[in-house]
Amino acid sequence: MPLPTFRPRGIRPGLLTRLRVPGFRTLGPGSVSSLLKVALDVAYVLLALITGLMLILLVVGIFIPLENLDVTVSNDEGGTAQPLTRALLIFALGAISAYFGGFLLILTHLRKIFRTLTLGDPFQPDNVRRLRQIGLILAIVTGGVWLVQGLVAARLAPGIMDPQGVGELLTPVFSVLVVFVLAEVFREGARLRRESELTI
């Protein structure tokens with residue numbers, strides 16, 4: 001026994017078969033990669049401005065007078081005041097500048113990778129190098145943040161700021177490993193592409 005068919009009222013037979021849902025292209029001009037490339041460009045400009053501002057503050061911090069200035073570190077249970085020394089100010093501004101500068105370098109490499117994705121040619125040998133550099137920079141930034149918060153912050157405000165534990169490193173370390181694995185995937189893709197070009 002054949003099953004009944006249903007057709008929305010007012011729609012001609014055959015019209016539904018001609019309707020197509022546009023698919024998302026992931027590579028090439030006008031694709032999702034090109035949209036992400038625009039977002040990365042905007043983030044790069046903003047991060048470059050922030051990094052430049054922090055570097056200017058770092059230079060200004062060398063010369064501004066710091067007499068009778070304190071810095072207060074607090075949490076829900078209370079706080080502690082420390083004298084703001086020039087060494088502490090320069091170290092803090094330098095650490096923040098290095099943090100933003102590291103992510104600025106990561107965005108620089110990501111923009112170049114997404115440029116190749118927009119061109120539809122992702123498996124370039126340069127992308128392997130770029131991904132490895134992103135993984136290395138991410139590892140350095142992660143290690144730097146862990147050291148600064150663990151060693152310096154604990155000494156600056158003992159009992160107020162807790163140092164990071166090893167468990168809090170799991171997510172950043174996993175991210176670094178994923179980037180290095182992606183670099184190997186791109187390296188294999190570049191090798192297969194080179195072999196296919198030689199075969200042709």
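Helices here, of at least four residues, are DSSP runs of H or I, numbered from the N terminus, and it is in these terms that Q124 is found in the loop between α3 and α4, the latter spanning residues 125-156. The model on screen is a predicted one.

Start by selecting α3, residues 86-118, a helix of 33 residues that reaches 47 Å from its first C-alpha to its last, close to the 48 Å expected at 1.5 Å a residue.

If you colour the residues of the contact of α2 with α3 by class, they divide into 24 nonpolar, 9 polar and 5 charged.

Now move past the end of α3 to G120, the glycine that follows this helix, where phi is positive, near 80°.

From there, go on to Q124 in the loop between α3 and α4, and display its side chain together with that of D121, since the view then holds a polar contact between the two side chains at 3.1 Å. Leaving aside residues up to four places away in sequence, Q124 touches T116, A190 and R193.

Finally, select R194 and draw a line between its C-alpha and that of Q124: the two residues are 70 apart in sequence, and the C-alpha atoms are 9.4 Å apart in space.

Key: Residues numbered from 1 in each chain as written. Heavy atoms only, no water. Helix = DSSP H or I, 4+ residues; strand = E, 2+ residues; numbered from the N terminus. Expected span 1.5 Å × (residues − 1). Polar contact = N/O pair within 3.5 Å; in protein donor to acceptor, adjacent residues only side chain to side chain. Contact = heavy atoms within 4.5 Å. Nonpolar A, V, L, I, M, F, W, Y, C, P; charged D, E, K, R; others polar.
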